[in-house]
Number of protein chains: 2
Amino acid sequence: MSLDPGIHRRPVPLARAYRLLNHGPTVLVSTRHDGRDNVMAAAWNMPLDFDPPKVAVVIDRSTFTRRLIEASGRFALNVPPRALVDASFAAGSLGGATLDDKFAACALRSFDAQVLDLPLVEGCVAWLECEVIAEPHVQQAHDLFVARVVAAQADERVFSDGRWHFDASTDALRTLHHLGAGAFLASGEPVQARPVGPTPD
Amino acid sequence: MSLDPGIHRRPVPLARAYRLLNHGPTVLVSTRHDGRDNVMAAAWNMPLDFDPPKVAVVIDRSTFTRRLIEASGRFALNVPPRALVDASFAAGSLGGATLDDKFAACALRSFDAQVLDLPLVEGCVAWLECEVIAEPHVQQAHDLFVARVVAAQADERVFSDGRWHFDASTDALRTLHHLGAGAFLASGEPVQARPVGPTPD
């Protein structure tokens with residue numbers, strides 16, 4: 001199965017962008033400032049609003065990513081598929097400050113974002129371009145960053161009409177959910193809720 | 001398979017409590033104030049720190065849960081398994097303010113928390129008791145609540161030694177990851193990352 005995002009990448013309406021993160025995938029945070037690109041992994045992320053969409057993500061103060069975000073005011077969240085599990089774990093393990101090219105060190109490649117001056121991660125299945133909403137207190141106290149989503153894209157093979165849809169033919173594109181220490185769960189079977197309560201009879 | 005948590009419920013060390021939410025499950029937020037208990041669903045939650053553990057969760061200002069949390073300063077996050085999908089969706093759909101007993105309306109039952117004066121949800125697979133850390137600005141601006149975890153428990157059939165572990169015998173206990181509109185994905189197959197980079201030869 002091709003991981004080339006250029007063929008299958010489609011825009012996602014902003015009102016549906018929260019759906020890309022709603023089920024709790026681990027993401028790769030990509031950044032660019034002053035000629036330096038970087039990427040790291042972040043399991044601690046969530047949607048924060050529907051439309052206009054906002055997100056929250058935890059960016060530890062010790063990371064190079066944090067310095068680039070504080071300097072540039074922007075980042076992208078890239079949703080890696082199972083096929084990128086090794087690279088995603090490397091992105092969460094290696095420090096970026098001392099690497100000339102952390103993308104290469106993680107066996108990742110980038111392409112340019114649509115709206116913001118940012119690198120996006122090739123082979124991911126969703127991409128959200130984000131502008132930081134300054135919240136200095138929670139940034140300092142809790143390493144918590146709030147941002148508005150200004151553009152979103154997804155791989156149409158697994159996300160279309162505002163909904164993720166995985167099957168046996170797209171197993172390699174299932175999203176990753178980090179348990180810890182390099183162990184992940186892939187997104188699994190669909191489960192549809194039925195209404196609870198008295199049924200007419 | 002029994003869903004009775006009384007038999008299989010075990011304490012989780014606080015330093016491992018973040019692992020209960022690390023893979024992005026939808027949770028049920030349970031609350032108690034002045035004789036009223038309530039429960040709602042929240043897909044938008046994440047760990048915020050390791051030890052002492054903190055969490056973040058989005059609680060819309062229109063919800064009854066929000067009123068109870070602002071009055072009491074506490075809530076619990078309960079991680080529902082697949083077997084509770086209908087009840088979890090009901091908890092996310094029904095308003096609590098006008099219901100005498102929202103637990104009953106959702107076909108849920110509660111038991112008392114260990115440390116805080118809170119109801120926990122029977123049949124869940126993990127439970128985190130949380131005290132709100134007052135962050136008035138982000139509560140108002142973004143409906144975002146930050147809290148410290150003061151006690152945690154999990155069902156030992158699927159979480160032990162700080163790690164989730166699901167297999168065919170515990171399918172009904174897999175966690176739920178909300179896509180939207182009552183459609184969920186169950187937690188899926190394990191995927192273990194291998195180190196990226198040059199290998200010795």
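Student: How many aromatic pairs are there over all chains?
Tutor: The count comes to twelve aromatic pairs over all chains, where rings of Phe, Tyr and Trp (its six-membered ring) pair if their centres lie within 6.5 Å, planes under 30 degrees apart being stacked, over 60 edge-to-face and the rest tilted. This is a predicted model, in which local features need pLDDT of at least 70 and side-chain atom pairs count only at pLDDT 80 or more, while totals for chains, interfaces and linings use all residues. Residues are numbered from 1 along each chain as its sequence is written, chains are lettered from A and ligands numbered from 1 in the order in which they are written, and side-chain values use heavy atoms, without hydrogens and water.

Student: Why is the pair of A:Tyr18 and A:Phe50 edge-to-face?
Tutor: Because the planes of A:Tyr18 and A:Phe50 stand at 85°, with the ring centres 4.7 Å apart.

Student: Buried or exposed: what is A:Tyr18?
Tutor: A:Tyr18 is buried (under 20% relative accessible area, with exposed over 50% and partly exposed in between; 1.4 Å probe, protein chains only), at 12%. A:Phe50 is partly exposed, at 41%.

Student: Which residue of chain B joins them in a cluster?
Tutor: Ring pairs link B:Trp44 with A:Tyr18 and A:Phe50.

Student: New topic: what sits over the ring of A:Trp127?
Tutor: The charged end of A:Arg9 does, 5.7 Å from the ring centre; the criterion is NZ of Lys or CZ of Arg within 6 Å of the ring centre and within 35 degrees of the ring normal. In chain B, the charged end of B:Arg9 sits over the ring of B:Trp127, 5.7 Å from its centre.
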